[in-house]
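Open the model in your viewer and show the side chains.

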Amino acid sequence: MSEWRAHFATEWKLLLRGAHFRILMLVGVVHAWLVHRANEWTEHAGYYLHQFEFMYLGAITILAILSGVYGARSRQAAGEAQLIGSLPYRSIRRWSAQLTVFLLPFFIFTCVPVFIYLWLRETMYPGASLYPAWFLLSTFIPMLYAMILGWLLGGLFKSKIGYAAGFLLFFLHIYGGLLLLTPRLPMPTRLLPNFLLFDFKSMGYFDDQFGFSREMSFWTHRGFYLFLAFALFILFIYIKAKARREPGVRMQATGLILAACLAAGLLAGHVSQKTVQMNQVAIREISNLESVKPARLSGLSYDLDMRPYKDGGLAVKATIQFTNEEAATLPLAFTLNERFEMTEARLNSESVRFSRDGNQIQIETGDIRPVTLVLHYQGKIADHKVTEEGTMTAVHMADRWNVNLPMELAWLPQPLFTEGAAPSRVTVRYPDTIRLYSNYRTLEKTTNAGVQTIQFEASNEAESGFNLWGGSLKEVAAETGGMTTKAIVNELFNDDYVSRWVALFHEGKRLMLQLNPEVQVREADTLIAMDRIRFNQREIAKTGSGIIQVPSYFFQGLYDDEEVVAQITEFWFDSSGAKGERADPGKRKQFIRELSAYLIKLDNKKLLAANAGDKHVQELRDNDLGEAS
């Protein structure tokens with residue numbers, strides 16, 4: 001080990017002595033500042049880090065390849081290297097020390113977005129997950145791979161053509177693979193040529209709602225290039241050591257074979273995981289429940305004991321409590337997505353038979369008056385879809401890190417024997433690895449032995465169903481006049497900025513109700529920030545269960561305030577039924593423009609709690625547009 005330290009100290013002095021290191025650090029600092037300035041507009045720290053990683057380290061990786069070429073060539077001509085070469089040494093120690101020295105600047109560059117995230121976490125987002133730091137730090141693996149590629153090129157080409165070859169190799173490896181090779185590859189192998197996996201969003205490993213992906217396919221991809229880099233470096237050492245007839249060559253050959261086998265295994269694992277996702281695209285079909293309308297609550301209470309599995313499966317024990325009114329209604333029938341297999345049904349602690357026809361389940365009660373019904377069912381939730389970029393991204397899931405279970409998925413037994421489909425209360429038991437949220441309001445949360453128990457209660461007198469989301473999320477709400485509007489967003493969205501737009505969304509609903517008092521609105525609305533690539537969401541839309549899907553860029557600061565407010569106003573205008581026959585397109589446009597200007601005025605004057613007696617509101621109410629229905 002003393003020999004390795006001596007080589008390291010010598011190489012470090014040589015690096016500091018030349019202009020290469022100082023120029024490299026200067027370029028890194030200036031480039032980091034320019035990238036920061038280009039992305040400081042965003043109010044989503046996760047998206048900022050995604051863009052910073054892509055724009056900053058993507059370019060720095062080119063320097064890693066060229067520095068590898070420089071390192072290999074400069075040491076061939078340096079007098080110090082010739083002196084060291086005349087002394088006894090072991091190739092593995094000399095070249096690993098030299099490579100380590102040249103990698104240190106790029107490790108510093110890789111840590112820049114990590115340090116930014118840790119600083120943001122400490123100052124603005126306390127309690128946020130540490131996972132993004134590890135995710136961002138993993139980019140050092142493609143840095144290592146790029147450096148070793150450049151090193152091999154520098155050793156292969158004795159002239160300056162090695163620099164051109166390194167530059168060309170980078171673009172062929174990344175852009176050539178993406179533009180020429182990737183479209184012709186089978187779907188499960190399309191990410192392999194992109195050793196950087198940039199950008200994460202297009203590759204399916206980042207979205208605005210759930211943040212940085214925890215998919216194992218990401219880490220098997222990283223692992224493949226890690227051991228491929230090791231294999232290439234050991235091959236280089238093996239060639240050098242064999243030429244010098246050093247002892248230990250067989251051990252290096254063994255290491256080469258082991259690294260190659262591990263790389264091949266991780267490659268096979270990545271392809272296998274992507275193959276599973278590709279098959280999930282074909283077999284996952286969501287039940288058509290969009291036609292379900294808000295209705296009187298069923299009065300039933302659900303207790304859900306949920307256990308996610310690593311393969312994307314979910315086992316549920318659903319305990320349904322009946323009221324006296326509901327118990328008198330027979331027979332018992334439910335809607336449950338056919339991807340779930342019902343394994344057992346117990347009525348009042350007694351096992352009962354059940355029959356199934358597609359998504360409908362019939363419970364044979366006999367003469368038993370139902371008090372408690374326990375249903376055991378399980379199935380695979382995880383499904384994926386192909387994005388416009390030609391890669392796969394998750395849609396629904398229920399694992400230890402993310403949950404996306406909308407009512408339309410029919411993952412919860414929906415009663416068919418009552419007027420209302422939605423339960424009045426739901427208790428959820430789930431591993432305490434994530435935070436869970438719903439369109440229902442949270443009453444109480446307890447944790448015991450790694451399992452969280454959350455009691456939810458319906459927020460409206462009329463509901464269509466129970467929706468559940470989980471992950472690195474948070475809830476931001478506005479409440480006035482007995483009405484509530486809340487947004488469920490990623491934990492790295494700016495609190496103040498999201499609060500502002502939730503308040504404007506809330507105020508837009510209140511103003512529309514003031515202008516059209518006869519319109520029926522929900523007491524509580526839930527906004528979900530939807531990722532554009534993942535869900536192809538570009539406009540505000542309402543789901544069958546009454547959830548308002550909002551493009552995530554609304555909360556990111558991407559568009560001007562006037563444009564976002566106009567879309568909010570237009571949404572409430574259309575969804576409230578205010579666009580009647582008397583509201584022609586010209587008047588409609590004028591109304592939206594006037595109301596949008598008023599909302600911005602409220603926001604600028606910090607008057608989001610303005611009362612209904614405001615003179616301008618009264619003028620709008622008296623307008624013919626306000627009377628349109």
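Select F54, Y131, F135, F198, F200, Y205, F206, F212, F218 and W219: ring pairs link these residues into a cluster. Rings of Phe, Tyr and Trp (its six-membered ring) pair if their centres lie within 6.5 Å; planes under 30 degrees apart count as stacked, over 60 as edge-to-face and the rest as tilted. The model is predicted, so local features need pLDDT of at least 70 and side-chain atom pairs count only at pLDDT 80 or more, while totals for chains, interfaces and linings use all residues. Residues are numbered from 1 along each chain as its sequence is written, and side-chain values use heavy atoms, with hydrogens and water left out.

The structure holds 40 aromatic pairs. Go next to F135 and F218: this pair is stacked, because the ring centres are 4.2 Å apart and the planes are at 10 degrees. F135 is in helix α6 (residues 131–137) and F218 in helix α10 (residues 216–243), so the pair ties together parts 83 residues apart in sequence. Helices here are DSSP runs of H or I, at least four residues, numbered from the N terminus.

Colour by accessibility. F135 counts as buried at 0% relative accessibility, and F218 is buried with a relative accessible area of 0%. Buried means under 20% relative accessible area (1.4 Å probe, protein chains only).

Move to Y553 and F554. Their ring centres are 5.5 Å apart with planes at 55 degrees, so the pair is tilted. Y553 and F554 are buried.

Finish at R214. R214 lies over the face of Y131, at 4.1 Å from the ring centre, and over the face of W401, at 4.1 Å from that ring centre. A charge sits over a ring if NZ of Lys or CZ of Arg is within 6 Å of the ring centre and within 35 degrees of the ring normal.

How values were computed:
Helix = DSSP H or I, 4+ residues; strand = E, 2+ residues; numbered from the N terminus. Buried < 20%, exposed > 50% of the residue type's maximum accessible area, 1.4 Å probe, protein only.
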